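Here's a protein to look over together.

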Amino acid sequence: MTATVNSATDSAASGPVVVSLDASVTTRCRRRVHLDHDPRAAGEPQALPDPLIEQRRADAAAHRERIGAALAAAHPEHWWRVPAAATAHERAAATAEAVTAGARLIWGAQLPRDQAAGRRGGAELLVRAPDGGYLPVIVVRHRITDPGAGALTSPVLAPFPDRAAANPTRKIRSQPRDLLRLAHLARMLGGAGWAPAAELAVSSLGGVIGMDADVVVWHDLQAEHWPGGRSTLDEYDERFADRVAVATAAAVGAPAMAHPSRITECRRCPWWPTCEAALTREQDVSLVVRGEVAVTMRSAGVGTVADLAELDPAAEPPVPLPGMSFRDAVALARAWQRGLSVVRRVARVPVPRADVEVDVDMESFGEAGAYLWGALLSYPGGVRPGDEPAGYRAFVTWDPVPTQDERRSFAEFWTWLSRIRSAAAASGRSFAAYCYNEQAENRWLIASARRFAGQPGIPRVAEVERFIATPAWIDLFALVSEWFLCAHGKGLKRIAPAAGFAWRDPEAGGENSMRWYRDAVGMDGAPPELAQRQRLLRYNEDDVVATKALREWMTSPAVEHVPLAADL
């Protein structure tokens with residue numbers, strides 16, 4: 001696009017600058033937008049591509065193809081498909097041709113670039129409105145409704161606004177990203193002269209087809225969906241104008257309008273290595289308190305970790321700290337300064353122990369399925385005749401997930417775990433099972449029981465839920481969160497080294513395990529790599545051994561060498 005930015009905050013943009021932005025910038029942090037458009041950032045370090053995101057993109061593309069094929073079969077007389085393999089210019093020309101012909105359904109539309117506003121983008125589907133003009137419909141691979149009532153929907157194979165009605169069984173699930181993308185497309189349609197007349201009731205509608213692919217949910221982009229009574233279009237306009245200014249300033253080498261600050265998005269951002277290095281050099285306060293809290297801290301003059309560490313923890317905090325006490329914030333800053341990964345909140349750390357203990361770690365591949373359940377059996381109360389041997393066991397399928405063979409591996413794991421629990425109870429011994437951050441394990445325990453319900457070896461969902469609720473299922477992450485302050489994160493890879501544990505694989509980590517899995521099952525068309533299967537098994541074994549090492553350390557005299565937060 002050619003965007004001329006004349007705002008007082010952007011003194012660098014003295015003339016038109018060519019930048020072109022799609023809808024994704026409205027949900028990305030301003031610093032990422034800056035780095036994406038700053039030519040000087042080309043040599044800065046970036047993270048490796050996230051294989052989970054790559055897989056989600058591939059799954060989303062396959063999902064879109066299925067929807068497109070179903071719609072084409074249902075409406076052959078109204079269907080116009082824009083060639084996907086053509087260049088962007090060719091696709092825009094083909095879309096314009098379809099619009100001129102009055103096609104009722106245009107699949108794979110590429111909209112003309114709005115050079116005056118700096119917009120580019122396309123829609124999975126353009127639907128011709130009854131009185132002329134086109135409405136955008138996007139296809140996404142997540143859920144867009146919840147049980148309830150009131151969502152405006154039409155059948156998925158009748159994606160027309162005049163077929164929409166209030167749905168008595170569905171309510172809208174808030175998906176800001178979808179709404180902002182629809183607003184982007186609506187503005188582009190308006191800029192191209194392809195939108196319905198403004199006075200028409202359907203003029204501000206946009207549709208979404210979600211994961212379940214049974215309805216189109218229609219959103220009124222002029223309605224109030226945002227804080228302060230703002231419409232989606234109002235929210236979009238403000239965000240997009242801001243990102244245009246940020247990108248334009250970056251493109252001309254002007255002073256940055258966006259500076260690094262650690263937020264949740266950083267975990268998945270390709271620019272995090274660059275931002276982390278800058279934040280560490282500056283000892284930015286967001287390394288300890290992130291998000292909006294860091295912003296308000298800076299506004300109160302507390303811009304660095306050192307600034308925060310110097311404050312009196314018993315004093316009134318300079319800004320509100322939702323979800324964290326001021327005393328903890330100051331202690332974290334002091335721990336960060338001293339290079340301490342953990343400090344204790346209490347003198348003695350209570351961790352439930354048992355005569356028979358099992359450490360559990362599950363490996364999944366994104367949303368596709370759980371392919372490995374690893375378990376480490378140990379007997380702190382002593383081994384008795386007839387006990388199963390202590391040690392690590394892996395219950396695994398190497399069929400690419402999702403696969404029916406998950407039923408076998410999950411059933412084998414559950415049968416084995418149930419047998420260990422029953423044997424402990426029969427011998428009058430206590431039993432405990434441990435994991436680190438139960439959210440993932442619980443999700444796939446329940447999901448597997450539901451998916452394979454009624455099949456051999458599969459427990460009822462209620463049985464799994466009873467196990468999850470029992471005190472014998474212990475989440476060490478929750479205990480670490482309660483009894484320790486962690487200056488560099490609370491992930492197992494961050495905390496276990498404090499207990500003296502080290503993974504055998506120097507590249508051990510969740511993202512790398514996704515890459516190994518793709519190779520292990522031959523997901524990209526190459527033959528399966530048996531060496532990567534062994535690597536994943538070692539990685540999983542180390543995860544459960546790390547969990548065991550951590551809880552043993554937490555209940556040993558060695559933990560007393562960890563400084564108390566109150567003493568910092």
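What follows is a set of questions and answers about labels and the values behind them.

Q: What kind of model is this, and how are its residues numbered?
A: It's a predicted model: local features need pLDDT of at least 70, side-chain atom pairs count only at pLDDT 80 or more, and totals for chains, interfaces and linings use all residues. Residues are numbered from 1 along each chain as its sequence is written, and side-chain values use heavy atoms, with hydrogens and water left out.

Q: What makes up the protein's secondary structure?
A: It comes to 16 helices and 21 strands. These are DSSP runs numbered from the N terminus, with helices being H or I of at least four residues and strands being E of at least two. The C-alpha atoms fill a box of roughly 80 × 60 × 45 Å along the principal axes.

Q: Why is Cys435 called buried?
A: Buried means under 20% relative accessible area, exposed means over 50%, and partly exposed is in between (1.4 Å probe, protein chains only). Cys435 has a relative accessible area of 0%, so it's buried. Of the 568 residues of the protein, 48% count as buried.

Q: Is Cys486 buried or exposed, and why?
A: Cys486 has 12% relative accessibility, so it counts as buried.

Q: Why is Gly323 called exposed?
A: Its relative accessible area is 89%, so Gly323 lands in the exposed class. You'll find Gly323 in the loop between helix 8 (305-309) and helix 9 (326-337).

Q: What about Gln110: buried or exposed, and why?
A: Gln110 counts as buried because its relative accessibility is 15%. Gln110 sits in strand 4 (residues 105-110). Its contacts, not counting residues up to four places away in sequence, include Ala88, Arg91 and Gly121.

Q: What makes a group of residues a nonpolar core, and what is in the largest one?
A: A nonpolar core is a set of buried Ala, Val, Leu, Ile, Met, Phe, Trp, Tyr and Cys residues joined through side-chain atoms within 4.5 Å. The largest has 42 residues, and Tyr371, Trp398 and Val480 are among those with the most contacts inside it. Helix 16 (530-554) is one of the elements that supply at least two residues of this core, and its 8 residues are the largest share. Val480 touches Tyr436, Cys486, Ile495, Leu550 and Met554, not counting residues up to four places away in sequence.

Q: What makes the peptide bond from Val401 to Pro402 stand out?
A: That bond is cis, with omega near 0°. Most residues other than glycine have a negative phi, and most peptide bonds are trans. Pro402 lies in the loop between strand 18 (391-396) and helix 10 (405-426).

Q: Why is Ala213 called partly exposed?
A: Its relative accessible area is 24%, so Ala213 falls in the partly exposed class.

Q: Why is Gln283 called partly exposed?
A: Gln283 has a relative accessible area of 29%, so the partly exposed label applies. Gln283 also has a positive phi, near 50°, and lies in the loop between helix 6 (272-282) and helix 7 (291-299).

Conventions
Contact = heavy atoms within 4.5 Å.
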